[in-house]
Amino acid sequence: MPKALVPAHTRIVNRFNKETFVFTDPVESEALSKFDVILEKGGSGGGNAIAHIHPKADEYFHIHKGRLMIMIEGVEHFADAGETVMVPRGKAHFFRNAGDGEAHATVSFTPGQKHLRFFVNLAASTVLTPENFSPQGDPKLLAIALKLHAYRDHLYLAGPPIWVQKLMFAALAPISRLMGYRLIVGPDDDLLGRDAVLELATEPR
């Protein structure tokens, strides 16, 4: 039976984006990756909430509470509780809380690839290595280059051609390691038994 990547219901708070990741049932699957996102008022307005694409997976936002705005290819899509918005693979997008209160959504990817690991890594890094971000939440180039090279074909920035980004991240990744940057969880690491590390990035309910 598949084991969870991290303990069930692990919560990681990205204060730069006023965003909490909730890994409710973090069992890895090639078919589907999913987790929950809770946004405070103004959430996902931080520096690392930028337009991006997932070249090989469709992304779904199912809203449980509040209201989200999902920008897809420059067009705003608003979704309220009970509604779902799909972002086709390869389409530039970002999202934010569009209401006055808290918003809660389940985010899922099909196929799953290794998005669960990618987002555990990304979310935890905002807590465990905040020095890798500017005060506004912009990720430092060498830190994000290492992540995006390790998880290539999962996420790219909107705008620059993907082949250019691949070359750039591949060139910068070895420099990142020499400068001391590390992944919290790599794409091929064993299942995480490092609860003590994750607890540092976890806010209890």
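Author: Please keep in mind that this is a predicted model. Rolling a probe the size of a water molecule over the atoms shows where empty space is left. Here the largest cavity is lined by Asn 121, Ser 125, Thr 129, Asn 132, Ala 143, Leu 146, Lys 147, Tyr 181, Arg 182, Leu 183 and Ile 184. The elements that give two or more residues to this lining are α1 (115-128) and α2 (141-150), and the largest share, three residues, comes from α2.

Reader: What is the volume of the largest cavity, and how do the residues of its lining divide?

Author: The volume is about 60 Å³, while the lining divides into five nonpolar, four polar and two charged residues.

Reader: How should I read the two faces of a strand, and which residues of β2 lie on each side?

Author: In a regular strand the side chains alternate between the two faces of the sheet. In β2, Glu 19, Phe 21 and Phe 23 lie on one side, with Thr 20 and Val 22 on the other, and all are buried. Because five of the five residues of strand β2 (residues 19-23) are buried, the strand is largely enclosed by the rest of the structure.

Reader: Which strands are joined to β2 by bridges?

Author: Strand β1 (residues 10-14) is joined to β2 by five bridges, and the two run antiparallel; the bridge partner of Thr 10 is Phe 23 in β2. Four bridges join β2 to strand β3 (residues 33-39), again antiparallel, and here Glu 19 stands opposite Leu 39 in β3.

Definitions and conventions: Residues are numbered from 1 along each chain as its sequence is written. This is a predicted model: local features need pLDDT of at least 70, side-chain atom pairs count only at pLDDT 80 or more; totals for chains, interfaces and linings use all residues. Side-chain values use heavy atoms; hydrogens and water are left out. Buried means under 20% relative accessible area, exposed over 50%, partly exposed in between (1.4 Å probe, protein chains only). Two strands pair if DSSP finds at least two bridges between them. On a 1 Å grid over the protein atoms alone, a cavity is a set of points where a 1.4 Å probe fits but cannot get out, and a pocket is an open set with protein on both sides within 12 Å along at least five of seven lines; lining residues have an atom within 4 Å of a point. Grid points are joined across faces, edges and corners, and a volume is the space filled by probe spheres set on the points. Ala, Val, Leu, Ile, Met, Phe, Trp, Tyr, Cys and Pro count as nonpolar, Asp, Glu, Lys and Arg as charged, and the others, Gly among them, as polar.
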